[in-house]
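Visitor: I have a structure to look at with you. Could you walk me through it?

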Amino acid sequence: MSEHEQEQRQQSVEVATSSGEMNVFWEEGMLDHETGDGVFDSGIDPGFLDVLEKHPENSDRIRNMVSILKRGPISPFISWQHASSTPPTLSQLLSFHTQEYINSLLEADKNGGKMICSGTFLNIGSLKAALLAAGTTLSAIKYILDGHGKICYALVRPPGHHAQPTQADGYCFLNNAGIAVQYALDSGCKRVAVIDIDVHYGNGTAEGFYHSDKVLTVSLHMNHGSWGPSHPQSGSINELGEGAGFGYNLNVPLPNGTGDKGYKYAMTELVAPAVRNFDPDMMVFVVGQDSSAFDPNGRQCLTMEGYRDIGKIIRNLADDHSDGRILVVQEGGYHITYSAYCLHATLEGVLNLSHPLLSDPIAYYPEDDSFAVKAVDSIKNHHIQVVPFLRELNN
Ligand SMILES: [Zn+2]
């Protein structure tokens, strides 16, 4: 480490007191979910490839996230909470999922596992890991609600944001964030904002709160559309919620190739003003590093700098509205190295550190943000025209 870097790190450690600490909730047992190998996420061996790759949602990606937080420069800011995580109770699961769906998971587990939907394998040990992931996320939100800390990060797998009340989807079985949000509401929170920056539409979380005006779900994603029966939602700007929930699901489908500038523009022009109007008393920040420039599963181009900026914006919103309370929940992110680096940068942003602690090993990405800016402007125009609680943004 150079003298300059040492100095910067020292300064960052000094501001730790004012930035607060990051409480990380993590349990080893989540590594026991085996997803196998094949052609990408198919589980298929075509017979003509000498080298099959691991399923993208494998435990290596999470091992690197754990180790970078333990041994990377952010480590002095981290407080590890070995959660004594208990699996969620049945009633906690049923606060988000249907009994029928939970029964189907139990049945699949009892029968030794199966492919539940495309790319989504429930194997021996998978359900236990999924329950641990939901339980760990619940431990994290409880920690905040009980006043032990303001910023918690649930480092969990299998991921959850595609899991809908009635079905699994996209590597997800139980909606970890959704179950935690429901717990927050049941514990007295009045309005919860969920900001999802995974490259895929957080369709499961959206679906779970589609009829509620207590939960503002915002998802920034690539414009991938529906992908079959497990994912009937399109993620388009027209999926706005229904009934009392109308206007409380805001989709921000960004053009492929959107990078740091485009995301920042979407966050400052649209997401932050919407969250400010909603005035949440709890912020849930759903992170996936598959929106990075180098992810095998995404077509967006965020770099560490962009993740850091988004993390800071979320932190500022939380400081102004939810008394600084933020639950960060892990979703996708499949580049084994860069996902860990981008996570590091995101959490630096959430901690609002004055200097970057870790430099980017791969970027630069030559971003042309003109298309993204146009797309964001037109999405914003649409949302403020049709969503009642955003109309005042028109001025
Ligand atoms: Zn994703």
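Guide: One term before we start: two strands are said to pair if DSSP finds at least two bridges between them. Please also keep in mind that this is a predicted model.

Visitor: Fine. How do β7 and strand β12 pair, and over how many bridges?

Guide: Strand β12, which covers residues 326–330, runs parallel to β7, and the two are joined over four bridges; within that pairing, isoleucine 151 stands opposite isoleucine 326 of β12.

Visitor: And which way does strand β1 run relative to β7?

Guide: Strand β1, residues 22–25, is also parallel to β7, with three bridges between them, and phenylalanine 25 has alanine 154 in β7 as its bridge partner.

Visitor: Switching topic, how many helices and strands does the chain have?

Guide: The secondary structure consists of 11 helices and 12 strands.

Visitor: What about the overall dimensions, and how much is buried?

Guide: Along the principal axes, the C-alpha atoms occupy a box of roughly 55 × 55 × 45 Å, and buried residues make up 53% of the 395 in the chain.

Visitor: Why would you call the radius of gyration in agreement with a compact globule?

Guide: Because a compact globule of 395 residues would have a radius of gyration near 21 Å, and the chain has 20 Å, the two agree.

Visitor: What share of the contacts is between residues 24 or more positions apart?

Guide: Among contacts with a separation of 6 or more, 76% link residues 24 or more positions apart.

Terms used
Residues numbered from 1 in each chain as written. Predicted model: local features only at pLDDT ≥ 70, side-chain atom pairs only at ≥ 80, totals over all residues. Rg over C-alpha atoms; globule rule 2.2 N^0.38 Å. Buried ≥ 20, exposed ≤ 12 C-beta atoms within 10 Å, placed from the backbone. Contact = placed C-beta atoms within 7 Å.
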